[in-house]
Amino acid sequence: MSLPRKLKIQIRKVEERQRDLWVDMSLRQLRKGMVRYYRVKDGLTGEWLFKVCRDDEMRRVIVKALKCPPGGEFVQLEGRTMLFQRALLDGYYYDVISLSYMDESNRLRRNVLDSVDEVPETIRENFKVMDYEEATGKKIVGKRLVVLCEEENEKDMIVLFLIQRAWPVSKVPPETGMKAQDLLRLIKELERAGIEDVYQAAEQRFNLNREETDLLLDLLEKDGMIRRSEDYVKTKG
C-alpha cells in the first residue's frame, strides 16, 4: 500500500518483544504473543505511540493507541484499539470499517459504515474494501463493510487506525491536509513571501480559501517547516 505522497505519515518501529502478555477485551482473556511498539508522525494530526499485539493462535492483531497528540478530540483515543482478524482471502486480515465523530457533548463516537460511498477515498484507493460476508464467510445482521490489509503489514494497520479514528475528528480536513506539501513548495518558490501573496497564489493554484490556507500554515509552522510573522512567511533552513 502506498499513501499519497502529499500527506506524510512516518512510522518507525522502536521496540519488539518476542513474547509478551496483554488483555484482549473482546475475548476477555489474557493473551500472549509478539508485541511491537511504533512511533508515528502523522502530517495531519501529530505524533503517536502505538502498541501492536499479534495473536497468531487466534489469527488476530490488535492495534492500540498508547499516546496521542494533544487536543480533546485525540485524548479520547488513548487506549482505544482496532481489531484485525483473518479473512477468507489468504494472506489478509480484515477490519470492520467505522469512522469516528464527536457527538453534541464532545464525546468520541463511532459510526459503522454500510455503503461504499461513505468509505473515505483514501481507503478505497489504497486498500481492498469488501462486504463482511464475502470477506469472512459469516452472516451478520445488517450490511457491513470491511477493509483488508496484508496480515504481516502492521504499518498499514496503523495507517487504517489513523484514517478511521483520528482523521475524521481532526481540525484539518484530510482533503485540505493533502495540500500542505503543495503550499510548502509554493512558499519556497516565493522565498520571503508576503502573506497576502501566499493567500492569492494558494487560491489560484490549489483552490484554497483563506481559512484553509491558515489551517495549513498553522500545520506547517507546528511541524517546524516555516516561520511566520504578521506580514511574511518563509521556509526554515
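**Helix, sheet and one lysine**

Tutor: Let's begin with helix 4, residues 154–166: its 13 residues reach 17 Å from first C-alpha to last, close to the 18 Å expected at 1.5 Å a residue. The expected span is 1.5 Å times one less than the number of residues. Helices (H or I, at least four residues) and strands (E, at least two) are DSSP runs numbered from the N terminus. This is a predicted model, where local features need pLDDT of at least 70 and side-chain atom pairs count only at pLDDT 80 or more, while totals for chains, interfaces and linings use all residues. Residues are numbered from 1 along each chain as its sequence is written, and side-chain values use heavy atoms, leaving out hydrogens and water.

Student: Is helix 4 mostly covered or mostly open?

Tutor: Buried means under 20% relative accessible area, exposed over 50%, and partly exposed in between (1.4 Å probe, protein chains only). Helix 4 is mostly covered, with twelve of its 13 residues buried, among them Met 157, Phe 161 and Arg 165.

Student: How do the strands of a sheet pair?

Tutor: They pair through backbone hydrogen bonds, either parallel or antiparallel. To count as paired, two strands need at least two DSSP bridges between them. Here three strands form an open antiparallel sheet in the order 11-13-12. Its edges are strand 11 (193–194) and strand 12 (226–228), each pairing on one side only.

Student: Why does Lys 234 count as partly exposed?

Tutor: Because its relative accessibility is 38%. Lys 234 lies in strand 13 (residues 232–235). Leaving aside residues up to four places away in sequence, Lys 234 touches Ile 187, Glu 191, Arg 192, Ile 226 and Arg 227, where contact means heavy atoms within 4.5 Å.
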